[in-house]
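Colleague: I have the file open next to the sequence, and I'd like to go through it with you. Could you start me off with whatever you would look at before anything else?

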Amino acid sequence: MIKPEFIFLFIFFAGCTVQNNSIYIDNQIGSDSNPGTARKPIKTISELNSRLQSKSSNIYFMGGQVYDGTLILNQLHVKENEKILITSTSRKRATINGGNNEAIRIEDCSGIVFSSLRLKGNGRKDGNMTNGLSLKNTTSSRIVYVRAEGFRKSGVDLFDCRDVVVRNVTAVNNGFSGINVMGSSREKSGKILIIDSRAGNNAGDPSNLDNHSGNGILVGVSDSVTIERCTATNNGWDMPRTGNGPVGIWTWESSHVKIQFCMSYQNKTSKGAKDGGGFDLDGGVRNSVVQYCLSFGNQGAGFGLFQYAGASQWKDNIIRNNISIDDATTTRGAGSIFIWNGTADSTQLSGCKISHNLFISSSAPLISFEPDSKHSDFEFSHNIFIGSHNVSGQDNGSTFLKNTWLGGKHNGSSIRH
């Protein structure tokens, strides 16, 4: 039976040219004095790195084997419609063991395709201090059917990257995040698609004592990013601090982010800390949408709408056609949907349409407004709210139109049906 990843690669490469030069690596029969052909492969990643300094090549790791070291690519660029392929030779994926360092480190490259690889670190508490697959200033690249685990920072980390697809990636048992996208500015990070991927049991970074860690999929300081058909679960349970915490799938200081057809459930935070929710449009996010997503059983809010002091203006966002079931199980003050503004200015958290969602909660508020939650031009319309505790806090700045409320009271709020 042909595996789906090989069908995908066939379709993908049908429209582009792969580099003719190839290097094969086999740590059982290979020798670093060999030419690197399929019949006479090289043996080590250190030799592979040395050869890649002089020319770009496709790289084929013998499947089922473990290779110690860090694969390093720097300033490799190909012509338009060409790609550099880094993959395994068989259906059984090769493993690159970065130990205490990265498994793969890429900087200032273009046209790289990573496929059918396992990336392994020594563990977030057992010596590793880095990311698994680290891409910096890299464009027109693809990461498909890759598993990354055992890294203190993120399983897959993109910094100042554009036109990148992350597909069928599994990022588990890492520290800071499963998949992390970050830019030095929104112009330098964007046009990124994260699809059909899973982030689970990324518990927290033991060295990060002054900020959140333990996220599933996180996008910051970027523009035009889509997260689609992804899953985040059981993240954040070992963040080593109290204070602001992790979320399953979220974005901050970004624009035109689309989170859709995703599921985020049973995510956590450290005892007494904040957050631990399902989805979050955080400080400085604008012109973004969360739609057709399912959140359930998270310790924090199903859907967080947050603005912190010092962020750029949060505005013109959409939450629609989503479901939250029994979220906010632990985090103090949270609800199915949770609004917080760390500034005293309502214009800093403005312009949100929340429509056609289903919110169900047996104990937590369906909508929670923090005492510090000044906001403006929020519209709740055509939602279904089912629960015994509908609204907590003051809803000044919100309007309610044609919603359905079942099972509870409004706690003196100014809700209009």
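**Pocket, sheets and aromatic pairs**

Modeller: I would start with the largest pocket, whose lining is made up by class of 12 nonpolar, 10 polar and 8 charged residues. Please keep in mind throughout that this is a predicted model.

Colleague: How much space is in that largest pocket, and which residues are closest to its centre?

Modeller: The space in the largest pocket comes to about 620 Å³. It is lined by 30 residues, and the closest to the centre are Asn-211, His-212, Asn-244, Trp-250 and Asp-282.

Colleague: Which strands each supply at least two residues of that lining?

Modeller: Those strands are E10, E12, E15 (177-182), E18 (215-220), E21 (247-252) and E30.

Colleague: What about E16, which strands is it joined to?

Modeller: Strand E16 (residues 190-195) is joined by 5 bridges to strand E13 (residues 162-167), and the two run parallel. E16 is also joined by 5 bridges to strand E19 (residues 223-228), again in parallel.

Colleague: Changing topic, how many cavities of 30 Å³ or more does the structure hold?

Modeller: The structure holds 1 cavity of 30 Å³ or more, and the largest cavity has about 70 Å³ of space. Among the 14 residues that line the largest cavity, Val-247, Asp-275, Gly-277, Ala-301 and Phe-306 are the closest to its centre.

Colleague: Which strand gives the most to that lining, and what is it like by class?

Modeller: Strand E24 gives the most, with 4 residues; E24 (277-281) and E27 each supply at least two residues of the lining. By class, the lining of the largest cavity has 6 nonpolar, 6 polar and 2 charged residues.

Colleague: You mentioned Phe-306 there. How many aromatic pairs does a search of the whole structure find?

Modeller: The search finds 13 aromatic pairs. In the pair of Phe-306 and Phe-338, the ring centres are 5.4 Å apart and the planes are at 85 degrees, so this pair is edge-to-face. Phe-306 is in strand E27 (residues 303-307) and Phe-338 in strand E30 (residues 337-341), so that pair links distant parts of the chain, 32 residues apart.

Colleague: Are Phe-306 and Phe-338 buried or exposed?

Modeller: Phe-306 counts as buried because its relative accessibility is 7%, and Phe-338 counts as buried at 10%.

Colleague: And what sort of pair do Phe-380 and Phe-400 make?

Modeller: Their ring centres lie 4.8 Å apart with the planes at 10 degrees, so Phe-380 and Phe-400 are stacked. Phe-380 lies in strand E34 (residues 376-381) and Phe-400 in strand E37 (residues 398-401), so the pair ties together parts that are 20 residues apart in sequence. Phe-380 is buried at 0% relative accessibility, and Phe-400 is buried at 1%. Both belong to one aromatic cluster, together with Phe-279, Phe-303, Phe-359, Phe-385 and Trp-405.

Colleague: Which ring does Arg-124 lie over?

Modeller: Arg-124 lies over the face of Trp-237, at 5.5 Å from the ring centre.

Colleague: Last topic, backbone angles: where are Asn-234 and His-382 found, and what is phi for each?

Modeller: Asn-234 is in the loop between strand E20 (231-233) and E21, and although Asn-234 is not a glycine, its phi is positive at about 55 degrees. His-382 is in the loop between E34 and strand E35 (384-387), and its phi, near 60 degrees, is likewise a positive value in a residue other than glycine. Asn-234 is partly exposed, with a relative accessible area of 27%, and His-382 counts as partly exposed at 38% relative accessibility.

Notes
Residues are numbered from 1 along each chain as its sequence is written. This is a predicted model: local features need pLDDT of at least 70, side-chain atom pairs count only at pLDDT 80 or more; totals for chains, interfaces and linings use all residues. Side-chain values use heavy atoms; hydrogens and water are left out. Rings of Phe, Tyr and Trp (its six-membered ring) pair if their centres lie within 6.5 Å; planes under 30 degrees apart count as stacked, over 60 as edge-to-face and the rest as tilted. Buried means under 20% relative accessible area, exposed over 50%, partly exposed in between (1.4 Å probe, protein chains only). A charge sits over a ring if NZ of Lys or CZ of Arg is within 6 Å of the ring centre and within 35 degrees of the ring normal. On a 1 Å grid over the protein atoms alone, a cavity is a set of points where a 1.4 Å probe fits but cannot get out, and a pocket is an open set with protein on both sides within 12 Å along at least five of seven lines; lining residues have an atom within 4 Å of a point. Grid points are joined across faces, edges and corners, and a volume is the space filled by probe spheres set on the points. Ala, Val, Leu, Ile, Met, Phe, Trp, Tyr, Cys and Pro count as nonpolar, Asp, Glu, Lys and Arg as charged, and the others, Gly among them, as polar. Two strands pair if DSSP finds at least two bridges between them.
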